[in-house]
There are 4 protein chains.
Amino acid sequence: MAALGIIGLGRMGANIARRLLRAGHDCVVWDRDPAAVASVAADGATGAADLAGVVAGLDGPRAVWVMLPHGAPTEDAIAALGDLLAPGDVAIDGGNTFWKDDVRRAAALKPKGIHYLDIGTSGGVWGLERGYCLMIGGEADPVARLAPIFDALAPGRGSIPATPRREGRSPNVEQGWLHCGTHGAGHLVKMVHNGVEYGMMQALAEGLDLLRAADSPALPEDHRITVDLADVTEVWRRGSVITSWLLDLTASALAQDPALSRYTGTVGDSGEGRWTVQQAVETAVPAPVLTAALYARFASRDETRFGAKALSAMRAGFGGHLEPK
Amino acid sequence: MAALGIIGLGRMGANIARRLLRAGHDCVVWDRDPAAVASVAADGATGAADLAGVVAGLDGPRAVWVMLPHGAPTEDAIAALGDLLAPGDVAIDGGNTFWKDDVRRAAALKPKGIHYLDIGTSGGVWGLERGYCLMIGGEADPVARLAPIFDALAPGRGSIPATPRREGRSPNVEQGWLHCGTHGAGHLVKMVHNGVEYGMMQALAEGLDLLRAADSPALPEDHRITVDLADVTEVWRRGSVITSWLLDLTASALAQDPALSRYTGTVGDSGEGRWTVQQAVETAVPAPVLTAALYARFASRDETRFGAKALSAMRAGFGGHLEPK
Amino acid sequence: MAALGIIGLGRMGANIARRLLRAGHDCVVWDRDPAAVASVAADGATGAADLAGVVAGLDGPRAVWVMLPHGAPTEDAIAALGDLLAPGDVAIDGGNTFWKDDVRRAAALKPKGIHYLDIGTSGGVWGLERGYCLMIGGEADPVARLAPIFDALAPGRGSIPATPRREGRSPNVEQGWLHCGTHGAGHLVKMVHNGVEYGMMQALAEGLDLLRAADSPALPEDHRITVDLADVTEVWRRGSVITSWLLDLTASALAQDPALSRYTGTVGDSGEGRWTVQQAVETAVPAPVLTAALYARFASRDETRFGAKALSAMRAGFGGHLEPK
Amino acid sequence: MAALGIIGLGRMGANIARRLLRAGHDCVVWDRDPAAVASVAADGATGAADLAGVVAGLDGPRAVWVMLPHGAPTEDAIAALGDLLAPGDVAIDGGNTFWKDDVRRAAALKPKGIHYLDIGTSGGVWGLERGYCLMIGGEADPVARLAPIFDALAPGRGSIPATPRREGRSPNVEQGWLHCGTHGAGHLVKMVHNGVEYGMMQALAEGLDLLRAADSPALPEDHRITVDLADVTEVWRRGSVITSWLLDLTASALAQDPALSRYTGTVGDSGEGRWTVQQAVETAVPAPVLTAALYARFASRDETRFGAKALSAMRAGFGGHLEPK
């Protein structure tokens, strides 16, 4: 069985280690929080005292998976690996990195003979049980070498119906992992995945808003319709065109709390949604839905509304409208 | 000089009467508020006691301009005129009516021999001094007969530079009034005018928001830029590509109150913006900007944010994200 | 076993009949195409010579399901049923009708004692095997009476994981059919379903466009990335956040024909997408994603591009830009 | 009178020189095209043989205005000036540069004691007669020193009505030039100006498209309305809320060629529209209208429509729809 070094034992990193351990792989792990190391070590991993200890704890050719917040933490860890790893070793960024950073890093490591893989990892908190969808960028050799690791992490074929006409294509894909292409390709595909995710989520959110407003007192009385959103989303899970995991999660949340009262209505965004729009702009591809989904999140957090005040000022200017308070 | 009946003496109706009176035309006016009638009568109009009194006070062929809120008030007044007017008379709806209602009304009045004109009237509170841009739908005869009225209401050529190559076209247009076409054409053109107005306003509002956020503490320190929006909008009035009356109004509002603190950030919408989007949907014409402008107004008033809560619920479902409070 | 009359034996109507027949229900069917009647009769249905024959072939209280194109065909059939059915009978519109038409029809049938149900039916060509997701509007009594029919048509629980916390809620929903609410509620929920469907589809389409453009020669050479869309969509089916039936269909289409060369790039739209936007406008609910998805379809069919020419004209006006041919 | 060096004598650079010459300022000019130099020299400028010649031809403290295409040409010229200019001199980028590049360049020139000004210049081909709207970023000292140059280039107060309540504010603004703020502020304000320009243009374009489609044969006969767009845009110039220079240009183009037949319907975009959207994304400011305007231009050039084909493929997958050819 192969061994993998893992740097960063947050929700994702720890569960990746655990899923590998369950499959019989060895893991040498480190996190700046000793309790996180101890927790994963209790499940069978080898804990290290620092990043260098992870490298030292692996036989060559080594592979070290960095699973840290994007930006400085990941950047620093990859730089440190560049000093610690030997030719033939593999540095992996499994986090949410901007794909152009992968291109730069791979070029920087190449003169040292160190391989670099960028792996977009989808699955969230469900990945430990459900497996992780892996989108991999980099050279073919290290990908081939690490295939057993990817097989263990990916969901496998499971009960998902096979797509017809895939004869002659890589069987890895149906296991749930794909060598997408050159350096950056893994995070590019993950970035677009997340962009699509934003769009699908917003489509569902707008549908719910429309149904919720359908009994608005502003409507004529015989055109007001009240529906139960928990039941509607549940029935959509059954044979409708929009069956999807996001719908499953929505139905589950609504069954638990029909008013979704635990949420404030402000929604965060991670880098991928933004990078997706920037990619659209850079490549001159219209992406109105993905962009609208991102802007809806921005708007959910917008408390200033200065532009809206300017609209009112213009209306007052030409029409003497005074917006009602 | 011609005489015009005017029903409804709100801001628009009263000023239309006054502008006609100044030009030497007679006006027979009525409003359900006797004070409004008295005020316009003090400026030279003939006040009437009711709608029938307006009709009775005019020599035939009569023309009665209804300037009331759209919906029931206008509908009722036009219906009443249908009973009071004689063949050859003209009923005018100068308000903000949905153009399909004009088509219906004109068809209903036609068997009685009563003409119907729909007139989109732009100019707002400035119209008394600046003149009204008139967009007229209906048959050619009553339009021709009322040309002196339209000449008096419209802004006239003024100091606006002439557009080249208009030889052979109606000089009325450069006076500021246009017989746009058949019944409904006046309000259709006004509807689209207002749709464009929404889009232009929102373009300006977004520009202001972008400039205001350019000194966000979330940016790297050397990428934070502070600008004075009152000065920026003023300089844009001078030789830039976006010089416009809406920009004039914005610069004026910002000079008076740079924080626009008298506005709440909630923005109303009248029917035309909505009808414009419905026209886009009905005729399968993409109108992303006009629609986004309408939705921005909807969003400014949206307090519920249920869809946004659903986004948070999905994020919690797949990623264990808890949105920060 | 219950018997159902079915009017209209297109793809949907015929398969609905067949799925009921397989479950042991009787069907009395009619279509204006005798071959369609013969085909379903060969599978066990009772063919009728006309709409009246369907009614005559059923014992009371009858239920007749109309499955015709929306607009005049459905309208006429419902009107005919209003003359043929008896008090206590049920007329069902299972097609894609605008929900406000359901409200009107139910009100028209009520004085005759005839029940009316509007049923949004999702499942498409897969429904025969997969079952139909049924969204039902109308009074509770006829819904309860027809429960065996709905049980037979709906997908049933199948292998879909149960949503937690649904205790105390109707078990019908997990069978795949829901009494959504009053008259119109079924088609309203179906309309919004289709709106969400448009949004999800467009999110996927934009993602594919972005990935396809990622190797654009306009990009710097080291920022061009080539990916295989058939593989990417396949791997997304495995453990990713955007797993969905629409993704399954996309992966399948791309596996079969990676260039999608059999499609022209023009995309039609049915009424629901448009009605969804009109509902958003009418209830002042921002729906930017659902609207953008609809507009993308409009744009795919737009050959005129007059507005775009006007953009070029303005650019030429202020900047002397001549758009490259 | 002050003297200004000008590098780049395209449409903008040459007219800037001419407007300064007309105001009595000296200009030392260079372009890689000797004919361009000769042409401006014929109007009174001092032609130089190369960039160094421009610098040599000026007395200190010098000011050199670079008016070249953004990207490498401008970058190279500024770099060269960094080697040629002396402490106290001013390098000016009057082109369409991304504002972050200004920040970088100013920081690079500062150790050499060379000032840097970024000037967003609006006015296009009309600037020679109409004057240029100048948006200036950089330190206060060189801005103050060059005030006579800016006064000559800007439009001046002209006949534009003064905005009330500007007492105590810089009178330069009403001349048409503004010191917007620190390095980058000039191009930032110009960038947003152009973003707003895109939005306003698209608003007008959509309005025209809607009016043009209003006589679509797909509409019921009594709901088809034909209007003359040249007349409609002309009348909107007179007293309407959307009076604007862009409307003037549109009316002029339509008067000249109502079908706009000289344009293809594909529309280019310069950097500022893209940078505006990227700024929105970076600062989390929703800018749906400015983005939709940019995407409309992208879409106008999009020949591939792969995403649209994927929509058709999904429709075929679930519904058996075959898009009509």
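Predicted model: local features only at pLDDT ≥ 70, side-chain atom pairs only at ≥ 80, totals over all residues.

Reader: What makes chain B and chain A related as by a two-fold rotation axis?

Author: A rotation of 180° superposes chain B on chain A, with 0.0 Å of shift along its axis and an RMSD of 0.0 Å. The two copies are therefore related as by a two-fold rotation axis.

Reader: Which rotation superposes chain A on chain C?

Author: A rotation of 180°, with 0.0 Å of shift along its axis and an RMSD of 0.0 Å. In chain A, the C-alpha nearest that axis belongs to Ser244(A), 1.9 Å away from it.

Reader: How do you know that chain B and chain A meet through the same surface?

Author: Of the interface residues of chain B, 100% are also interface residues in chain A, so the copies use the same surface.

Reader: What counts as contact here, and how many residues of chain B are in contact with chain A?

Author: Contact requires heavy atoms within 4.5 Å. By that cut-off, 58 residues of chain B are in contact with 58 residues of chain A. The largest share of this side of chain B, 14 residues, comes from H15(B). The residues on that side divide into 28 nonpolar, 16 polar and 14 charged.

Reader: How much area do chain B and chain A bury between them?

Author: About 4800 Å², with 63% of it on carbon and sulfur atoms. In chain B, Phe306(B), Met314(B) and Phe318(B) lose the most area to chain A, together 16% of what that side buries.

Reader: How many salt bridges are there between chain B and chain A?

Author: The count is zero. Ten residue pairs are in polar contact between chain B and chain A.

Definitions and conventions
Residues numbered from 1 in each chain as written. Chains lettered and ligands numbered in written order. Heavy atoms only, no water. Least-squares fit on C-alpha atoms with pLDDT ≥ 70 in both. Buried area = accessible area lost by both parts, 1.4 Å probe. Salt bridge = Lys/Arg side-chain N within 4 Å of Asp/Glu carboxyl O. Polar contact = N/O pair within 3.5 Å; in protein donor to acceptor, adjacent residues only side chain to side chain. Helix = DSSP H or I, 4+ residues; strand = E, 2+ residues; numbered from the N terminus. Nonpolar A, V, L, I, M, F, W, Y, C, P; charged D, E, K, R; others polar.
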